[in-house]
Amino acid sequence: MSARHNTGMDDSTELDRERALVLLRNMLLQRAVDTRGFQLNRQGKIAIAMGSEGHEAVQAGTGMAFERGRDILYPYYRNTGLILACGFSLDDLFRSQFARKSDRTGGKSIINHVTAKDLGIASISSIIAAQCTHAAGAAYALKLRRESGRAVFCQFGEGATSEGEWHEAMNFAAVSALPIVFICENNRWAISTPQSKQMANPDVAARAAGYGMASTIVDGFDPFAVYAAVRVARDRAASGGGPTLVEAKCYRFLSHTTDDDDRTYRTREEVDAQRELDPVPRFERRLVDAALASADEIAALRADVTATVNATTDRIEAEAAPDPAELYDGVYADGHEAWR
Ligand SMILES: Cc1ncc(C[n+]2csc(CCOP(=O)(O)OP(=O)(O)O)c2C)c(N)n1
């Protein structure tokens with residue numbers, strides 16, 4: 001059995017205590033950050049929040065399959081938990097949310113649109129599916145340089161698969177047998193548009209066949225199943241086996257962002273029915289049932305995560321805001337003017 005490069009953890013397909021606790025901590029952290037983001041927005045302290053409640057398992061599992069120092073991640077705006085799982089610090093995440101001077105973009109990027117070249121995390125674009133062609137380009141570079149053992153992760157929602165760029169990226173990746181994994185976080189809604197209004201096929205994964213690409217569907221409420229599916233796809237990509245489309249079926253429990261009210265476009269009955277399947281308590285129950293963790297340990301973990309998030313938000317909120325005189329620094333190559 002080989003060990004993962006990023007974690008040194010066992011590669012086996014049985015869920016063990018060590019990986020279970022890493023996954024659960026990430027899921028709890030993601031939810032705590034989400035909750036805090038919505039609170040901070042309502043308090044008028046941050047401009048907008050993008051919740052990922054319902055995506056915790058997809059992102060914790062994907063993050064565990066990501067090999068730090070080797071792989072490259074092209075995330076999208078809903079990937080709070082994933083970037084944390086890939087090594088992005090909580091401090092830097094809240095620096096982005098509070099738009100502090102110390103933020104990696106100097107407080108200039110929209111919230112959660114982070115970037116960390118040192119961690120292999122490409123900058124997040126708000127333009128739906130733009131990251132897909134960028135990710136295919138990065139995978140093409142790996143291939144041209146014959147850098148085996150590395151893979152690109154490309155994240156997006158099901159709505160993104162209606163964009164031309166997504167199809168171009170899929171086709172190019174398949175034709176060129178690129179080392180890339182396309183991961184669709186299918187939460188059934190693209191703001192107010194249900195999946196059924198975007199495509200007649202219920203499965204995004206079915207689209208891969210049109211490009212001659214491998215695909216798989218996984219329960220996006222099960223972090224270990226996601227980890228196992230993405231790991232197989234990642235290792236296939238990194239060893240020259242070509243791209244895979246992984247569709248993780250999940251749900252978006254909150255509004256798209258703090259700027260919309262989901263009660264205007266979907267029923268409470270639908271949301272409540274999905275809440276019954278909430279991946280966080282479900283995974284907690286599984287760990288207790290399998291004797292991988294006790295209820296007390298889980299409660300302690302939860303308290304620790306909450307305390308960490310509270311302390312971090314207090315500390316980062318107190319950091320300095322950017323100097324308005326630096327507004328255009330780093331925006332244009334030469335001074336403050338776009339054209340000369
Ligand atoms: C090219 C483009 N078109 C439209 C938008 C507006 N927009 C922002 S998020 C979004 C929905 C995307 O839904 P999906 O890809 O399913 O991801 P989710 O937000 O549900 O995770 C849309 C239409 C955009 N940002 N870019």
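Rings of Phe, Tyr and Trp (its six-membered ring) form an aromatic pair if their centres lie within 6.5 Å; planes under 30 degrees apart count as stacked, over 60 as edge-to-face and the rest as tilted. The structure is a predicted model, in which local features need pLDDT of at least 70, side-chain atom pairs count only at pLDDT 80 or more, and totals for chains, interfaces and linings use all residues. Residues are numbered from 1 along each chain as its sequence is written, and side-chain values use heavy atoms, with hydrogens and water left out.

**Aromatic residues**

Phe 156, Trp 166 and Phe 182 form one aromatic cluster. A search of the whole structure gives 9 aromatic pairs. Because Phe 156 lies in strand β2 (residues 152–157) and Phe 182 in strand β3 (residues 180–186), the pair ties together parts that are 26 residues apart in sequence. Helices (H or I, at least four residues) and strands (E, at least two) are DSSP runs, numbered from the N terminus. Both Phe 156 and Phe 182 are buried.

**Salt bridges**

The structure holds 28 salt bridges, each being a side-chain nitrogen of Lys or Arg within 4 Å of a carboxyl oxygen of Asp or Glu. Three of these pairs are tabulated below.

| Pair | N to O distance |
|---|---|
| Glu 53 and Arg 31 | 4.0 Å |
| Arg 104 and Asp 118 | 2.8 Å |
| Arg 145 and Glu 147 | 3.5 Å |

Arg 145 is exposed at 59% relative accessibility, whereas Glu 147 is partly exposed at 26%. Salt bridges that share partners join Arg 31, Glu 53, Glu 56, Arg 275 and Asp 278 into one network. Both Glu 53 and Arg 31 are buried. Asp 118, at 58% relative accessibility, counts as exposed, and Arg 104, at 37%, as partly exposed.

**Strand pairing**

Strand β6 (residues 214–219) and strand β7 (residues 244–249) pair in the parallel sense over 6 bridges; two strands pair if DSSP finds at least two bridges between them. Within this pairing, Ile 217 has Glu 247 in β7 as its bridge partner.

Terms used:
Buried means under 20% relative accessible area, exposed over 50%, partly exposed in between (1.4 Å probe, protein chains only).
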